[in-house]
Every structure is written in C-alpha cells, then in structure tokens.
Amino acid sequence: MDVRVINEMVQKQSAFVDKLTAEVGKVIVGQKGMIERILIGLLTGGHVLLEGVPGLAKTLTVKTLADALQMRFSRVQFTPDLLPADIVGTVIYNQARSEFISKKGPIFANLVLADEINRAPAKVQSALLEAMQERQVTIGDTTHPLPDPFLVMATQNPIEQEGTYALPEAQLDRFMLMIKVGYPTREDERAIMDRMTSGISVRAEPVATPAEIAEARSVVGQVYIDEKIRDYIVNLVHATREPKAHGLGAMADFIAFGASPRASIYLNMAARAHAFLRHRGYVTPEDIKAIGIDVLRHRVILTYEAEAEEITTETVIRKLFEHVEVP
C-alpha cells in the first residue's frame, strides 16, 4: 500500500486521539507521557506496567480512560492472601438448579488495573499471566475468552519493599511497556491541589467506543515501517546482548542478560502506535527513541557490578541509543 494512502487513513482514524487527550486532561493534570503510553498499549494489545510511588493518579488515569472510551473497568488490589480464584473467578453450586455454574472474576473487563502486583504470591501472578498471554481464562473445565479489547495495567510501588514479591524476569517480559511515573511539576501540583479541593467532581465524557479502538488497531498494524528502521530495531536489541560488537565494550561487564526477541516485536508495534498518535502513517527513528526506554527498561538485566557502580538500566539503554547507528 502507498505511504500516502496509509497517511490519509491514519489521519482519519486518529482523529479521536486529540479529543480523547483533551477529555482525559479535564480530570487528570499533566501525566501526558503516562496517558500516551497507556494508549500505545491499547492500540497494540500490549500490557503496561506502571512503577511509581502511591498517589500519582495511576488508578484515576486508567479509570478516566475507561470512561472516555466506554470500556468496562475493574480494579484488583493485590494482597499477600489473594487467591487465583479472586481474579479469574470460580465454580459455585446453584442449589435451585442443582448444577455448578461459573462465576466470573474481575479479570472479565476491557481495562483491568492490577494494583500493587508485586504484593501477590507467584500463584496469583501466574493466573493473571495466563489471562494476559492467552486472552482466555479457565474456570473449572470451561475456557472463557476475555473481552476485546483487553488490557492489563499493573502498578508496583518501588518504595515499601516489605511484603513484596519481585516479579520474575519471564513475567516482566510479558509487559510491553514499563513506565516510571514521576512526581508532578510545581505548577501541575498546584493545579491538582486546586482541582481536588474545589468540591466539584469532573468526569470524562465518552469520546470513542471499543469498536473504534479495534478499527484504529487494524490501521496501526498498517503503519509503514522502512527496512532500514526494522534493521535499526534489531541492531538495538542485539546491542543489549552483544555490546562489544557495537563498540560498547565498556557496557559488557554491566549487562547480565540482554533483551529477548519480544523486545524487537514490541519496539516495532509500539513505534507504529507512537507514529499513529502523532497522525503519521510512517515510522521515523525518533519514534523508536521515544518509546525505546519504556520497551527495554525491564528486559535488560544488569550485573551486580552495575549495581555496585550505581549504573541503572536507563544509563545502559541511553548509551546503546548513542552508539547504535541511526538510519
């Protein structure tokens, strides 16, 4: 398909993006980066992990997006005593009809917020993972498909390490993006305080439907991505595994494990969605750089040496972006 045709299609289909951003902005002050990344997840079917201290409007953002997109929203507070059945549902006996029936859990929603995911034991995390990966859930003997679109937004607190179970690398890899949510600026904080203490409650009005998101998703898949940019993605991911081959010998001692092939797939998909959100029908190297850290942050595992030197994953990834040749 001609790039011009794709461009026109993208401009038509992405018209709702600005309306959506404005509508969400009525409720949420700032946090544009977080909102955009959640939209990238929705447009590509990729799940999102948010890390930030409590009170940064993570829950409110997801709830507001669900309102604006007319989607079913559910929130699960993860605790150490949570059971898999509390998330996926269970089989209960109906005495009146003398039969067992499936009672569906909160996972049956379009937007599922898994709050403080690292507080739940491994059994519960794996139940959530089956749902994320297979987009279906087994209750008793019956397999139920999950609604479409389906997106898991998980949050984890970086601070209170007490009572938390670190997510295993294989689980982290299932999340398309890991976003670090920072504190608001001084001006934003003032606006938040004024808005939240005014006594007036504001709700986001619907601006798009799940059907429109599904349509937009098919257009995102057609966004043009040049051969050179595809090679650039693969070179970036390879540089995390073989830094010496890319002139990054100094980083070799700091990387224990590089990114998996999922990183290349997700970089490609997220870059297309990033271009779509900017009403563009083609991907540029800037799209890759904009979402690169969020896609790679949780996939590059550092060595103890890096921790001793106080080198973070972000430092390593930035170095990769500086060294790998841009097409």
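Predicted model: local features only at pLDDT ≥ 70, side-chain atom pairs only at ≥ 80, totals over all residues.
Buried, in these notes, means under 20% relative accessible area.

**Entry 1: helix H3**

I looked up how well H3 is covered, and found it mostly so: 11 of its 13 residues are buried. The buried run I noted goes through Met34, Ile35, Glu36, Arg37, Ile38, Leu39, Ile40, Gly41, Leu42, Leu43 and Thr44.

Next I checked the span of H3, which covers residues 32–44. From first C-alpha to last I get 18 Å, close to the 18 Å expected at 1.5 Å a residue. Just past the end of H3, I found Gly45 with a positive phi of about 75°.

**Entry 2: a pair inside helix H2**

I then turned to salt bridges, and the structure holds 16 of them. I picked Lys26 and Glu23, whose side chains meet at 3.1 Å, N to O. Why might these two find each other? They sit three residues apart in helix H2 (residues 15–27), so about one helical turn separates them. I reminded myself that an α-helix has 3.6 residues a turn, so residues three or four places apart point the same way.

**Entry 3: a pair across the sequence**

Which side chain does Lys180 meet in a salt bridge? I found Glu314, at 3.8 Å from N to O. Lys180 belongs to strand E9 (residues 175–180) and Glu314 to helix H14 (residues 313–323), so this pair ties together parts 134 residues apart in sequence. On accessibility, I have Lys180 as partly exposed at 43% and Glu314 as buried at 14%.

**Entry 4: Arg297 and Asp294**

Is Arg297 buried or exposed? It counts as buried, with 11% relative accessibility. Its salt-bridge partner Asp294 is 2.8 Å away, N to O, and I noted Asp294 as buried too, at 9%.

**Entry 5: the network**

Last, I followed the links between pairs. Lys180, Glu314, Arg297 and Asp294 are among the members of a network of salt bridges. Glu36, Arg37, Glu51 and Arg278 are linked in it as well.

Conventions
Residues numbered from 1 in each chain as written. Heavy atoms only, no water. Salt bridge = Lys/Arg side-chain N within 4 Å of Asp/Glu carboxyl O. Helix = DSSP H or I, 4+ residues; strand = E, 2+ residues; numbered from the N terminus. Buried < 20%, exposed > 50% of the residue type's maximum accessible area, 1.4 Å probe, protein only. Expected span 1.5 Å × (residues − 1).
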